[in-house]
Amino acid sequence: MIVLSASQIVKSYGTDVILNGATLSVHQGERVGLVGVNGAGKSTLLKIIIGELTADSGAVHIGKNVAVGYLSQQTGIQSVRSVYQEIRSVFEDLFVLEERIRKMEEKMSDPNVYEDEALYQSLANEYTSLTQEFADRQGYAVDAKVRSILTGLDFPETMWDQPVQSLSGGQKTRLALGKLLLIQPELLILDEPTNYLDLRTVTWLEDYLKSYPGALLLVSHDRYFLDRLVTVVYELDRGITRRYTGNYSAFLEQKEAELAIQVKRYEQQQAEIARMEDFIQRNIARATTTKRAQSRRKLLEKIERIDKPVTSQDQAHFSFTIERQSGHDVLSVENLSLAYGGKVLFSHLNFQISRGERVALIGPNGIGKSSLMKAIAGILQPTSGTIRLGAHVKLGYYTQEQEDLTPGKTVLNEVWDSFPRLDHTRIRTVLGNFLFSGDDVMKPISSLSGGERSRVALSKLMLLQANFMLLDEPTNHLDLLSKEMLEVALDDYPGTLLFISHDRYFLNRIATRVIELTEGGLTSYLGNYDDYLEKKSELAAMQASGQLEAGGKIRPSTPTPTAAAANPAPLSKEERDRQRQEERQKQREEKKRLERIATIEQQIEETEAAIVSLEAELCLPEIFNDPDRAQATNQAYQDAKERLEQLYEEWETLQQA
């Protein structure tokens with residue numbers, strides 16, 4: 001069944017054609033990804049689908065009785081409630097129903113009511129109907145669902161009583177996402193849902209959406225996220241869409257193969273046209289062959305010309321070079337502590353970075369990663385400890401929100417003022433490489449999009465020629481093609497990198513070492529993000545088998561694991577194979593845990609419904625006037641309550657596992 005159909009959508013703003021016949025459909029249960037460069041019109045198409053914008057022409061059809069949920073990139077919630085109250089408000093109609101049930105219970109317990117058999121029976125029938133409706137709509141599992149969603153979306157219990165109006169923009173967007181996940185509309189449309197999520201939360205969201213009962217339509221620049229979730233990809237390019245079956249990697253393969261075929265057909269036709277034109281030119285003037293030449297000319301005029309395939313889109317072209325090479329020791333951090341706004345972010349951190357390393361700094365949101373980066377850059381003053389840069393180190397710093405850009409300056413002046421010794425032609429050439437041409441260079445910084453601001457900051461970083469670069473979320477606001485160009489540039493960079501990123505694809509491609517910052521301190525892992533996951537799995541397996549002592553220390557009889565604070569030795573192929581097997585086993589166990597949680601939640605609903613039913617039976621005259629039936633019903637009631645307590649204990653244990 002088709003839940004959404006958008007056909008031949010056209011949308012223009014003045015002379016700018018954004019959508020030029022875009023077509024898209026989503027079937028029941030499908031996971032559809034919508035991709036394209038920044039400015040291609042993805043968000044515009046989504047807003048037309050949900051009715052926020054009106055198309056110039058075309059049609060959108062939503063399936064009958066299909067509820068649609070939509071999360072924009074900047075979804076703001078205005079509310080006077082607390083976080084817990086706001087997300088729980090999704091079930092307001094269930095609370096009204098529950099209140100009706102409670103009032104009926106009070107009424108049925110009135111002696112004047114249960115002595116009137118006809119009235120009591122009428123109320124009992126209605127009560128049974130209402131409690132069954134409440135159970136069918138999973139009313140008994142509301143709080144369990146709310147707790148699960150809040151925890152999964154990184155709202156710790158200490159935040160549940162916090163007013164919604166005190167949240168940041170990103171936190172409000174996460175809360176809006178949580179409300180949508182609880183509502184579970186038949187079609188869920190998400191525009192960049194992984195924005196503002198750390199690695200742990202993105203992984204949780206992926207796992208949640210994998211078992212989502214409805215259809216999904218996603219816009220995302222997170223390639224890892226798309227690969228794990230979507231089964232269909234629509235590419236929006238130059239106002240039109242094209243459908244591909246499979247995940248994002250499959251889309252890239254199909255597109256590459258398709259382009260190769262188009263190029264070959266175009267080249268073959270061009271070669272045939274050239275041969276025909278040559279024949280005509282050589283034979284048109286000769287009396288003996290002029291008829292053949294004229295015939296060939298008519299054939300040539302009838303040929304349906306194949307347009308030259310577009311092999312590339314406009315994208316930034318740049319590379320990072322260094323002014324001079326640094327010494328071997330690039331950065332040394334010793335016993336570093338930092339407090340900000342009265343809160344201790346971290347304490348007693350120690351690590352070193354050597355020349356040529358590409359070190360990824362990861363950890364949950366709010367743990368202090370950006371603050372550590374600012375301390376290294378000299379922007380924040382540490383509470384204690386030392387930060388030492390090595391010999392000949394020239395530092396470059398890319399901030400997460402480009403707050404070092406001046407809003408009132410033009411793009412040209414922003415870059416030129418930072419490098420006044422460069423001539424005008426050089427600055428314009430560099431900006432052209434970052435897609436700022438013509439009058440674009442006169443745009444004020446304040447009017448730029450997030451992607452444009454990122455490109456300005458990257459152009460300044462490129463001109464700096466630093467041999468040690470600090471990058472705080474460099475892929476934020478970049479489209480897929482721009483991310484690819486950044487990765488290519490960093491692959492060839494001859495200097496040293498320390499970067500923060502939530503983009504797992506980027507982490508896998510760039511990182512040679514991962515440093516994880518947690519409340520317990522720093523731990524270093526050799527390799528990229530997948531290697532980090534493998535080594536975390538190894539440590540978890542060792543801890544489960546008793547090979548790790550309290551505090552994470554290795555028992556003397558056990559070889560030191562690869563995840564060590566010093567530079568560890570690489571694992572052998574056999575060890576890596578064993579780790580992968582352990583990881584797969586862990587994934588199977590995690591799947592069983594989640595399935596068991598779902599089963600328990602269903603049993604909790606059924607048991608709570610049974611308790612309500614037994615409570616009602618105990619109020620019936622034919623029950624409490626019959627000692628045997630009253631005793632049996634009461635025993636069943638006590639057994640059900642005991643069973644419910646056991647289920648909740650097991651549910652809480654599994655949630656904490």
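Strand S10 (residues 329–340) and strand S11 pair in the antiparallel sense over eight bridges. Strands here are DSSP runs of E with at least two residues, helices are runs of H or I with at least four, and both are numbered from the N terminus. Two strands count as paired if DSSP finds at least two bridges between them. Before going further, bear in mind that this is a predicted model: local features need pLDDT of at least 70, side-chain atom pairs count only at pLDDT 80 or more, and totals for chains, interfaces and linings use all residues. Residues are numbered from 1 along each chain as its sequence is written, and side-chain values use heavy atoms, with hydrogens and water left out.

Back to S10 and S11. They form a hairpin with two residues between them, and Gly341 in the turn has a positive phi of about 60°. To find your way along the pair, look for Leu338, which stands opposite Phe346 in S11, and for Ser332, which stands opposite Gln352 in S11. S10 has another partner too: five bridges join S10 to S13, and these two run antiparallel. There, Leu331 stands opposite Leu389 in S13.

Put together, the three strands form an open sheet in the order S11-S10-S13, with antiparallel pairing. Its edge strands are S11 (343–354) and S13 (384–389), each of which pairs on one side only. Neighbouring strands of this sheet are turned by 15° against each other on average, direction ignored. For angles like this, axes are lines fitted to C-alpha atoms (for helices, over the stretch in contact), and the angles run from 0 to 180 degrees between N-to-C directions. Helix H12 (residues 369–376) packs on the sheet and touches S10, S11 and S13, its direction making about 60° with that of S11. Contact means heavy atoms within 4.5 Å.

Now go to the start of the chain. Another open sheet of three strands has the order S2-S1-S4, with antiparallel pairing. Its edge strands are S2 (16–27) and S4 (57–62), and each pairs on one side only. On average, neighbouring strands of this sheet are turned by 15° against each other, direction ignored. Helix H1 (residues 42–50) packs on this sheet, touching S1, S2 and S4, and its direction makes about 120° with that of S1. Nine bridges join S1 (residues 2–13) to S2, which run antiparallel, and Ile2 stands opposite His27 in S2.

Next, a pair of helices. Helix H6 (residues 142–152) and helix H8 (residues 199–210) pack at an angle of about 135°, with their axes 9 Å apart. H6 and H8 are therefore oblique to each other; angles under 35 degrees count as roughly parallel, over 145 as roughly antiparallel, 65 to 115 as roughly perpendicular and the rest as oblique. Ser148, Ile149 and Gly152 of H6 meet Thr201, Trp204 and Tyr208 of H8 in this contact.

Lys179 sits in helix H7 (residues 169–183) and is buried, with a relative accessible area of 19%. Buried means under 20% relative accessible area, exposed over 50%, and partly exposed in between (1.4 Å probe, protein chains only). Leaving aside neighbours within four places in sequence, Lys179 is in contact with Ile77, Glu86, Ile87, Ser89 and Val90.

Leu218, found in strand S7 (residues 215–219), counts as buried at 0% relative accessibility. With neighbours within four places in sequence again left out, Leu218 touches Val32, Gly33, Leu34, Leu190, Phe225, Leu229 and Val230. For a sense of scale, Leu218 and Leu345 are 127 residues apart in sequence and 35 Å apart in space, C-alpha to C-alpha.

Finally, the aromatic rings. The structure holds twelve aromatic pairs. Rings of Phe, Tyr and Trp (its six-membered ring) pair if their centres lie within 6.5 Å; planes under 30 degrees apart count as stacked, over 60 as edge-to-face and the rest as tilted. The rings of Phe318 and Phe320 have centres 5.6 Å apart and planes at 75°, so this pair is edge-to-face, and both residues are buried. Tyr525 and Tyr532 also make an edge-to-face pair, because their ring centres are 5.1 Å apart and their planes are at 85°. Tyr525 is buried, with a relative accessible area of 3%, and Tyr532 counts as buried at 7%. Tyr224, Tyr525, Tyr529 and Tyr532 form one aromatic cluster.
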